[in-house]
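Please keep the sequence and the structure in view while reading.

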Amino acid sequence: MKTQVGIIGGGPAGLLLSQILHINGIDSVILERQSRDYVLARIRAGVLEQGLTDMLRAAGVGERLDKEGMVHGGVNLTFDNRIERIDLEGLTEGKMVTVYGQTEVTRDLYDARDAADGKIVHEADDVRPYDVETEAPYLTYKKNGEALRIDCDFIAACDGFHGIGRQSFPAGVSTEYEKVYQFGWLGILSRTKPANHELIYGNHERGFVLCSMRSSTLSRYYVQVPTDERLEDWSDERFWEEVSQRLPSDVAAEIEQGPSIEKSIAPLRSYVTEPLSFGRLFLAGDAGHIVPPTGAKGLNLAASDVHYLSKGLIAQYRDGDESGLKTYSERALRRIWKAERFSWWMTMLMHSFPADGAFGHKVQQAELDYLTSSKAAMTAMAENYVGLPY
Ligand code: RFL
Ligand code: PHB
C-alpha cells in the first residue's frame, strides 16, 4: 500500500490530523493498535479550548459539538471552606471553554473519516517505522498475522505515551524531561445532575477534588489518591463520602449521588521529549508530552501540535515549502512548555502534599486567597485556562 502521510495511532491527534489533511487534498492511512470499540470506550478529557473547537469546525466535525457542547464562561475554585469563581469570559475579552467529551470528539472524527472513505486499519499489530531519515520512509505492521507494508512520504506518530514512534528515535537524539507525582486521580462517571453548572476544582487537606460533567445528566468526579491505591477499595459510597468531605458544606449539599458507570485511576505525570521530529518522523500529542490533567491541557495540546504539523505538511505539498516541517518541533514545543508550566502550577496549587506539612498547606491557602482577590492573578490563570494562542 502507498499513501502520502502514514499515521500511527487513531486517537484524537491521529484522527484530527488525517481529517485536516484530507480536506486539503492530502492522503493518509491510520494504523491503530486497538479496535474501534476499545478506543471509543475510553473516558478521558472533557474541556476543549477555543483553538480546538475552531479546528473541529474547520475540519467539518463541529455540528454535534455546537449542538451538545456546553460553553462555560467561568470555573470555580474551592478552598478554606469557600468557593470563588474565576470569570474566564470577563477576564479574557470573551474567551470560553467548551465541555464536550474526548470520546465524543473521537466518535465525530471517526464518522467524518468514514464518510470520506478514510483508511483506518484497526488492530494493526507490531507497527514499526523505517528509513525515516530518507525521502522514502515506510511502515510495517501485522494484521491477522499477515505482514504488511505502507510506503509514504512522511510519518506522524500520534500513538500516545506508550507508542512506538518516540521509541524509534535513534539513541542519543532525544532529551527527556519528567516529573512524576506521588498521587493519581480516581475518577467516576455517573448518571447524575452535575454539582454546579460550571467545573469546581477543590483544594482540601484530605486532597484534591474535581466536580466536572459531560452533560446536564452525566457527571464526572475525581479525587486525589495515593499512586498505589486499589480500585477495589473504593466503593461508590466511599467515593461520594470523600468528595463531600473535600468540598465546602454548601457545595457538597448540591451533589446528587448515584451509581458509578465507570471508575478508574490515572497516574499524574509531567513529561516532554525534545525534539519532536527526526528526519521525516514527527511526534504529535501524548506521543511527545504528558501533562497532569489539572489544567485540562492534554487533548488541547494534541490539537495545537496537529495544527502546526498539518500547516507544515500542507505548505510542503502545496508549495514545496519545507520551513513549517523544519520548524515544527521548535514551534510546537514553545506552546507545549507553557502548558506544562500551567498544568504543573495548577497541580502544585490544588493537591495535598503531606511531605510539605501544615506550612505547605498554609502557603497554598495564601496563594489561593491572593489569586481569587487579584485581578492580575486571576487574569493570568484565565488566559492559560482558556488556552494560549497558537
Ligand atoms: P491517545 O488518545 O493516547 O491516542 C493514541 C492512540 O495510539 C494508539 N497506539 C498505537 N497504535 C498503533 N501502534 C502502536 N504501537 C500504538 N501505540 C498506541 C492507542 O491505542 C491510541 O488509540 O493520544 P492522543 O491522540 O495524543 O490524544 C491525547 C489525549 O488522549 C490526552 O492528552 C488526554 O486524554 C489527556 N487528558 C485530558 N486532556 C485534556 O485536555 N483535558 C482533560 O480534561 C483531560 N483529562 C486526560 C484526562 C487523560 C486521562 N487519562 C487516563 C490518560 C483524564 C484522564 C483520566
Ligand atoms: C474531565 O471532565 O474529565 C476533566 C475536566 C477538567 C480537568 C480534567 C478532567 O482539568
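Which residues line the largest cavity? The lining is made up of E49, K297, L301, R335, K338, A339, F342, N384, G387 and L388.

## Basis of the report

The model is a predicted one, in which local features need pLDDT of at least 70 and side-chain atom pairs count only at pLDDT 80 or more, while totals for chains, interfaces and linings use all residues. Residues are numbered from 1 along each chain as its sequence is written, chains are lettered from A and ligands numbered from 1 in the order in which they are written, and side-chain values use heavy atoms, with hydrogens and water left out.

## The largest cavity

Rolling a probe the size of a water molecule over the atoms shows where empty space is left. Here a cavity is a set of points, on a 1 Å grid over the protein atoms alone, where a 1.4 Å probe fits but cannot get out, and its lining residues have an atom within 4 Å of a point. Grid points are joined across faces, edges and corners, and a volume is the space filled by probe spheres set on the points. By this rule there are three cavities of 30 Å³ or more.

The largest cavity has a volume of about 70 Å³, and helix α11, which covers residues 328-350, gives the most to its lining, with four residues. Helices (H or I, at least four residues) and strands (E, at least two) are DSSP runs, numbered from the N terminus. The lining of the largest cavity divides into four nonpolar, two polar and four charged residues, where Ala, Val, Leu, Ile, Met, Phe, Trp, Tyr, Cys and Pro count as nonpolar, Asp, Glu, Lys and Arg as charged, and the others, Gly among them, as polar.

The buried residues of α6 are Q102, T103, V105, T106, D108, L109, Y110, A112 and R113, where buried means under 20% relative accessible area, exposed over 50% and partly exposed in between, with a 1.4 Å probe and protein chains only. Just after α6, D117 takes a positive phi of about 60 degrees.

## Surroundings of the two ligands

Around ligand 1 there are 30 residues, of which E32, R42, Q102, D286 and L299 come nearest; a residue counts as near if one of its heavy atoms lies within 4 Å. Polar contacts are pairs of N or O atoms within 3.5 Å.

Ligand 2 has 13 residues around it, and Y201, S212, R214, Y222 and P293 come nearest. An N or O atom in the side chain of R214 is 2.7 Å from an oxygen atom of ligand 2, while a backbone N or O atom of R44 lies 3.4 Å from an oxygen atom of this ligand.

## Backbone details in loops

Most residues other than glycine have a negative phi, and most peptide bonds are trans. D80, in the loop between β5 (75-79) and β6 (82-86), has a positive phi near 50 degrees, and D80 is exposed because its relative accessible area is 52%. E93, in the loop between α5 (88-91) and β7 (97-99), has a positive phi near 55 degrees and is exposed, with a relative accessible area of 82%.

The peptide bond from E274 to P275 is cis, with omega near -5 degrees, and P275 is placed in the loop between β17 (260-274) and β18 (277-278). S352, in the loop between α11 and α12 (357-371), counts as buried because its relative accessibility is 15%.

Notes:
On a 1 Å grid over the protein atoms alone, a cavity is a set of points where a 1.4 Å probe fits but cannot get out, and a pocket is an open set with protein on both sides within 12 Å along at least five of seven lines; lining residues have an atom within 4 Å of a point. A polar contact is a pair of N or O atoms within 3.5 Å; within protein, one must be able to donate a hydrogen and the other to accept it, and residues adjacent in sequence count only if both atoms are side-chain atoms.
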